[in-house]
Every structure is written in C-alpha cells, then in structure tokens.
Amino acid sequence: MREKVDILISNSLIVTMNSERRVIPRGYVAVRDGTIVDVGVGDGKDKYTSEEVVGGGRSVVTPGFISAHTHFYGALLTGSPWFGKIEPPTDFMQNLQRIWWALDVMLCHDEAYAAALIGSLMYAKSGVTNFFDNISAPNCIDGILDSMEKAVNEVGIRGILSFEATQRRSYEEGVRGVEENERFIIKNNKDPRKLVKGAIYLHASFTVTDDLFKIAKELSEKHDALVAIHAEEGLVDVYHSIERYGVRPIERMYRLGFLSPRVHLVHAVQATDEEILIIKKTGAHVAHNPMSNMLNAVGVPKIPRMLELGINVGLGDDGYIFNVFENMRAAYLIHKVWNLDPRLMTPLQVVEMATVNAARMFHQDKELGSIEPGKRADIVVIKPRTPPTPVNEKSVYGHLVNSFTPDDVDTVVVDGRFVVKEKRFVNVDLDKALEKVHSTVERLWDKMMAEGKYQLDYLK
C-alpha cells in the first residue's frame with residue numbers, strides 16, 4: 001500500500017548536495033509535515049501518493065538557495081533619482097557618506113516593511129529560501145525588526161533579521177542597536193514554529209568601540225546567537241584600525257576574543273594572508289559578495305585561498321542584485337580574471353557556497369542546505385525553458401552557474417509549504433504588493449530629494 005505524503009516531487013533530476021554530492025538523474029523527493037521523508041530513484045509513485053505532485057519533464061530539483069548576507073533596504077534605491085543629484089563617489093567611504101548613510105537616516109517602519117517585502121519576493125522568485133539580512137535605520141531602532149518580520153512571513157520564506165549596531169554618531173546608539181537585536185532574538189529564536197530568527201550585527205571595526213565588541217560577544221554567547229560584521233570591505237576600515245589600534249581589523253577582533261564559529265566576517269576583501277590564517281584558526285565564517293564588491297570597486301577577496309584552507313565561505317549579495325544565479329555566476333568568474341587564472345573556482349564550489357556552506361554558517365546544516373531524509377523541506381524546482389545543451393548529472397552544476405535564471409524557477413517550497421507554484425506566488429497578491437512597495441518608495445525618494453544630506457559622521 002502506498003504512503004500518503006503532502007508533496008511528491010517526481011521524475012526529476014535531483015541535486016541532493018548531500019555529503020557525497022549525489023545527483024540522481026531521475027528521482028523523487030517525498031515531503032510530509034514539512035520534512036523530507038524520502039529521496040530515491042524513479043518517480044516515487046509506486047511508494048507514495050499525494051494530491052500535490054510536481055516536477056517531471058526536464059525538471060531540476062535543488063535545495064533552497066541561501067543568501068549569506070543581504071540588505072533588503074538596498075532595493076529601495078534601485079534607479080533612484082538620488083544618484084543623479086549627488087556628486088559621484090570616488091571611493092568606498094564616499095559611497096557610505098553620500099548614498100547609504102544618507103538613505104538609512106530616512107528609514108522607518110514603512111520603508112523597512114516595503115524593503116523586506118520586495119526583497120523576499122525577489123528571493124522567492126529566484127529560489128532563495130533563506131537569508132541573513134541587516135538593516136540600518138538609526139532614527140527608528142525600536143521594533144523595526146518586527147516590521148520586517150511581518151513582510152517576510154507574508155511571503156513565506158525563512159530568514160535571519162538583524163539591526164546594524166553602529167556608533168558612528170554616538171556610543172549610546174550602538175548599544176541601542178544591539179539591544180534591538182537581543183529583543184528580537186529573545187522573541188523568536190527559541191520558538192521552532194517561527195521561520196524568522198534574530199542575530200547580532202555590528203557595522204564595522206571603524207564604527208564600533210571595543211566595548212560594543214565585548215557586549216556583542218557576551219550576548220552571542222548568552223543566547224547562542226550568530227553575530228556578523230562588515231570586515232575590511234574598504235581600505236578605510238584597515239587604515240582606521242591601524243591608526244587607532246595599531247593592528248588591522250581582523251587582528252583587532254582576534255585580540256578582543258571576538259572571533260569564533262558564531263561570527264560571520266562579511267566581505268573580508270582586504271584580509272591579508274596572516275588574517276586569513278586567523279579566520280581559519282578561530283572557525284569564523286566569510287560571506288562573499290562579489291557583485292557588490294564590483295559595484296563599490298573595493299577589490300576582490302582571496303576566496304580561493306580561503307576555500308583551500310577549509311574556511312567556510314557562503315555567498316551573499318549585500319543588497320545589490322537579488323538573483324542567486326547572477327551572484328553565483330559572478331563568484332565563478334571574478335576570481336579567474338582577478339588572478340589571471342582560469343582554473344580558479346569550479347561550478348560545484350560556487351553552488352556549495354549558496355547551499356551547504358551557507359547552511360553551515362547559519363548553524364542550520366543539520367536541518368537545511370541539502371535534500372536528505374530528515375531535513376526540513378526547503379526545495380526548488382527549476383524547469384529550464386531553453387537549455388543550450390543537455391542537462392544531466394554531469395552538466396547540472398555548470399548549468400546552475402552558467403545558464404539558469406530566475407525565469408527558470410517554477411516551484412519553491414519552504415518548510416514543506418508552497419511559496420511559489422508554477423511561477424505564481426502562493427501567499428501574496430503580487431500586484432497589490434508592488435503597489436504598496438512602489439508608493440512607499442516614491443515617498444522615500446521625494447523626501448530624499450527634498451531633505452537628503454551627506455552623512456559625514458564618524459566614530460570619535
């Protein structure tokens with residue numbers, strides 16, 4: 001007698017991303033109560049029955065992709081007239097002063113909700129089922145993560161939300177930011193029913209005192225929570241640390257006892273070989289954001305060397321392009337041209353960064369990141385319309401990195417529930433959502449054009 005399951009993904013090429021990186025040319029995945037109960041060869045219909053059968057044809061099934069680092073509010077400036085008003089930034093620090101810090105002082109609950117809504121929709125469309133976001137809104141700290149959580153839950157994906165604690169304007173403001181993170185962690189992290197969790201976020205070494213590093217470390221240990229920081233994205237971070245503390249930022253964090261397997265170092269573009277060895281020694285993780293690094297012209301981190309040493313590296317977008325396929329493609333290509341070596345980075349390494357590695361960063365690798373019995377059912381069904389060459393067990397990683405796009409994503413399942421089905425959002429009316437987001441963004445742009453100013457604050 002056949003067993004009844006909630007969803008049967010049938011007759012598809014299964015990219016399991018299990019420890020053997022097994023790819024099943026024609027297989028099935030059975031889902032019940034939010035959990036993957038079986039993965040096997042064939043269509044699975046001799047063993048299981050379900051009212052929801054998906055897949056078939058040329059379907060490729062992967063684990064849900066995971067964004068290791070993002071800023072949903074980055075989407076709010078896409079195409080903004082603000083870029084035409086400002087003097088073009090000439091370096092990373094001016095990018096912060098003229099663009100991002102000028103934006104973040106304008107943000108409050110409506111903008112945070114709109115950013116999380118459009119970001120979650122773009123993620124779901126491209127097969128991203130999980131993320132680590134942080135928002136900077138220094139004039140609207142208290143409760144802002146709840147507004148974002150509401151939007152994420154409406155779409156139905158999974159994620160981690162955090163507030164960017166910074167002391168570039170005052171010592172007290174940084175403490176309040178960490179307190180908002182702690183409040184959200186206490187509210188969400190111990191409840192297994194909640195898909196959205198909290199974490200601690202510090203802006204960067206050049207806007208954070210030793211005291212705030214210590215507070216963040218203590219709270220991370222107290223709540224067993226992740227803690228992340230922008231690390232050596234631009235040279236201003238390095239120069240400030242050497243001038244103020246006599247050491248580079250990653251060495252400073254090491255001397256403070258801050259680094260651990262709970263810590264995400266975001267970017268690490270300027271990290272030296274010695275600092276990379278510190279990352280390896282402490283078990284900290286690295287979030288790589290290649291397209292953002294290109295946009296900000298900050299350079300390229302030594303990701304191939306990190307991977308060679310066994311440092312865990314996940315793939316993020318830094319709030320620039322919410323398209324995991326484009327970000328995988330950039331990670332695959334940029335290290336080749338930067339190092340003048342076409343051998344660097346393989347498609348498999350890049351797919352690992354967007355799945356199992358990111359799950360490990362989130363300390364969720366026992367539940368997510370691969371398609372295996374017992375894991376939570378975060379699954380993507382891709383139906384490539386016009387693959388230029390055959391898609392099979394030997395070519396699929398190459399296609400994931402080189403030819404697939406969000407338009408090929410057909411169905412997205414998160415925690416055993418449909419979020420996207422046959423290219424349609426299940427939980428959200430897209431037209432109404434876009435109307436809400438666009439009206440909020442128009443008001444924000446009007447305010448920026450009328451009142452926006454460069455933000456030259458720095459940690460004194």
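At what angle do helix H5 and helix H6 pack? Keep that in mind for the first view, and remember throughout that this is a predicted model.

**View 1. Helix H5 packs against helix H6.** Here's the answer: H5 (residues 171–188) and H6 (residues 210–223) pack at an angle of about 10°, and their axes are 10 Å apart. Angles under 35 degrees count as roughly parallel, so H5 and H6 are roughly parallel to each other. On the H5 side, the contact is made by Tyr171, Gly174, Val175, Val178, Glu182, Ile185 and Ile186. H6 brings Asp211, Leu212, Ile215, Leu219, Lys222 and His223 to the contact. Sort the residues of this H5 and H6 contact by type and you get 8 nonpolar, 2 polar and 3 charged.

**View 2. Helix H3 crosses helix H16.** This time the helices are H3 (residues 109–126) and H16 (residues 430–451). Their axes come within 9 Å and cross at roughly 135°, and that makes H3 oblique to H16. As for handedness, H3 passes H16 in a left-handed crossing. From H3, look for Asp110, Glu111, Tyr113, Ala114, Leu117, Ile118 and Leu121 in the contact. Their partners on H16 are Leu430, Ala433, Leu434, Lys436, Val437, Thr440 and Leu444. The residues of the H3 and H16 contact divide into 10 nonpolar, 1 polar and 3 charged.

**View 3. A disulfide ties Cys108 to Cys140.** How many disulfides does the count come to? It comes to 1, and here the S to S distance is 2.0 Å. The link between Cys108 and Cys140 is right-handed, with 45° about the S-S bond. The two cysteines sit in distant parts of the chain, 32 residues apart. Cys108 is in the loop between helix H2 (92–104) and H3, while Cys140 is in the loop between strand S9 (128–135) and helix H4 (144–155). Is Cys140 buried or exposed? Its relative accessibility is 9%, so Cys140 counts as buried. Cys108, with a relative accessible area of 29%, is partly exposed.

**View 4. Val381 and its neighbours in contact.** You'll find Val381 in strand S17 (residues 379–382). What does Val381 touch, leaving out residues up to four places away in sequence? The list runs Ile9, Val54, Gly55, Ser59, Val60, Val61, Asp408, Val409, Asp410 and Thr411. Met448 is another story: Val381 and Met448 are 67 residues apart in sequence and 40 Å apart in space, C-alpha to C-alpha.

Technical notes:
Residues are numbered from 1 along each chain as its sequence is written. This is a predicted model: local features need pLDDT of at least 70, side-chain atom pairs count only at pLDDT 80 or more; totals for chains, interfaces and linings use all residues. Side-chain values use heavy atoms; hydrogens and water are left out. Axes are lines fitted to C-alpha atoms, for helices over the stretch in contact, and angles run from 0 to 180 degrees between N-to-C directions. Helices (H or I, at least four residues) and strands (E, at least two) are DSSP runs, numbered from the N terminus. Angles under 35 degrees count as roughly parallel, over 145 as roughly antiparallel, 65 to 115 as roughly perpendicular and the rest as oblique. A crossing is left-handed if the near helix is turned anticlockwise from the far one by less than a right angle, and right-handed if clockwise. Contact means heavy atoms within 4.5 Å. Ala, Val, Leu, Ile, Met, Phe, Trp, Tyr, Cys and Pro count as nonpolar, Asp, Glu, Lys and Arg as charged, and the others, Gly among them, as polar. A disulfide is a pair of cysteine sulfur atoms within 2.5 Å. Buried means under 20% relative accessible area, exposed over 50%, partly exposed in between (1.4 Å probe, protein chains only).
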